[in-house]
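Thank you all for making the time this morning.

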Amino acid sequence: NTEYQFILSSRPDPSVALITLNRPKALNALSSPLFKELNQALFEADADDSVGAIVLTGSEKAFAAGADIKEMKDKEYSDVYKNNFLENWGQIAKLRKPVIAAVSGYALGGGCELALMCDIILASPTAKFGQPEINLGVIPGGGGSQRLVRSIGKSRAMEMCLTGRNVSAQEAAEWGMVSRVVGEGEGKVVEEAITMAKEISSKGQIAVQAAKEVVNAGYELTLAEGLRFERRIFHGLFATKDQKEGMAAFAEKRKAQFTNS
Ligand code: CO8
């Protein structure tokens, strides 16, 4: 943990990488140096064969209160355009391993967008999601407008982006933006996310990656193309030992021993 200044990276279980945003004084505002470290830790976890799933979290008070406004405030159009500002902030969505966001407290602006880039969101009852960019004279820049509309539909996405209102954990769950609200208690949501990550890690990892790939493809493709893609990937899994093992274990009434091959 000494190598990073703005995040903590640990292995609560050999098969689970836990990345904790750790810039408490700024409510985990997402500065460029923080994102550089986050991307590095994410890529390390993605490349580590012993890791099956990744959990991303913040503090009790804030998952992340957005992009660092103080870093952005004096930037000019020419700076942000030339350097393609925020371009490398979407890397998390390109990982092959599942990422679970465990959200407590504020997930605002870029913080909300970061959670939306993850595969699964679990929320503590304290979680507050919002896109307050409209109050700063801008709009979401980390995919919020696009991912929200796919996640919660046009009217709700418009409401969030146009009013900047925070949405409670309960509302976010009712809207389908998060899987569920986890029970009360400090650290509970992270505990629950780690348990889920361990469960995912216990499956055959080729099938896990394939499942993530096909669900994500559903965001990009027409239904006909998506169904065809899913079937082709499904067919391909018959070339794996894990498919032979998984189906043999069922027939023999025993637990499958996947070898990720
Ligand atoms: N950037 C920089 N500093 C921040 C940020 C931020 N987004 N949020 C909080 N801080 C700092 C505060 O300035 C304060 O610092 P200091 O002690 O030096 O004054 C410290 O964190 C604590 O904050 P508060 O005193 O404000 O704490 P409160 O409990 O009173 O309020 C709030 C908490 C409501 C969360 C409040 O801090 C707030 O409104 N923050 C800004 C929220 C916001 O507007 N976020 C959107 C930013 S724009 C954006 O995210 C663009 C997205 C770009 C894409 C990103 C891709 C991933």
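I will go through a few of the salt bridges one after another.

Please keep in mind that this is a predicted model, in which local features need pLDDT of at least 70 and side-chain atom pairs count only at pLDDT 80 or more, while totals for chains, interfaces and linings use all residues. Residues are numbered from 1 along each chain as its sequence is written, and side-chain values use heavy atoms, with hydrogens and water left out.

There are 11 salt bridges in the structure, a salt bridge being a side-chain nitrogen of Lys or Arg within 4 Å of a carboxyl oxygen of Asp or Glu.

Let me begin with R11 and D48, whose closest N and O atoms are 3.1 Å apart in their salt bridge. R11 sits in strand β1 (residues 7–13) and D48 in the loop between α1 (32–47) and β3 (53–57), so this pair ties together parts 37 residues apart in sequence; helices (H or I, at least four residues) and strands (E, at least two) are DSSP runs, numbered from the N terminus. R11 is partly exposed at 36% relative accessible area, and D48 is also partly exposed, at 23%, where buried means under 20%, exposed over 50% and partly exposed in between, with a 1.4 Å probe and protein chains only.

Next comes the salt bridge between R23 and D68, at 2.9 Å from N to O. It links distant parts of the chain, 45 residues apart, with R23 in the loop between β2 (16–21) and α1 and D68 in the loop between β4 (62–64) and α2 (69–72). D68 is buried, at 10% relative accessibility.

Finally, K73 and D74 form a salt bridge at 3.1 Å between the closest N and O atoms, and both of these residues are exposed.
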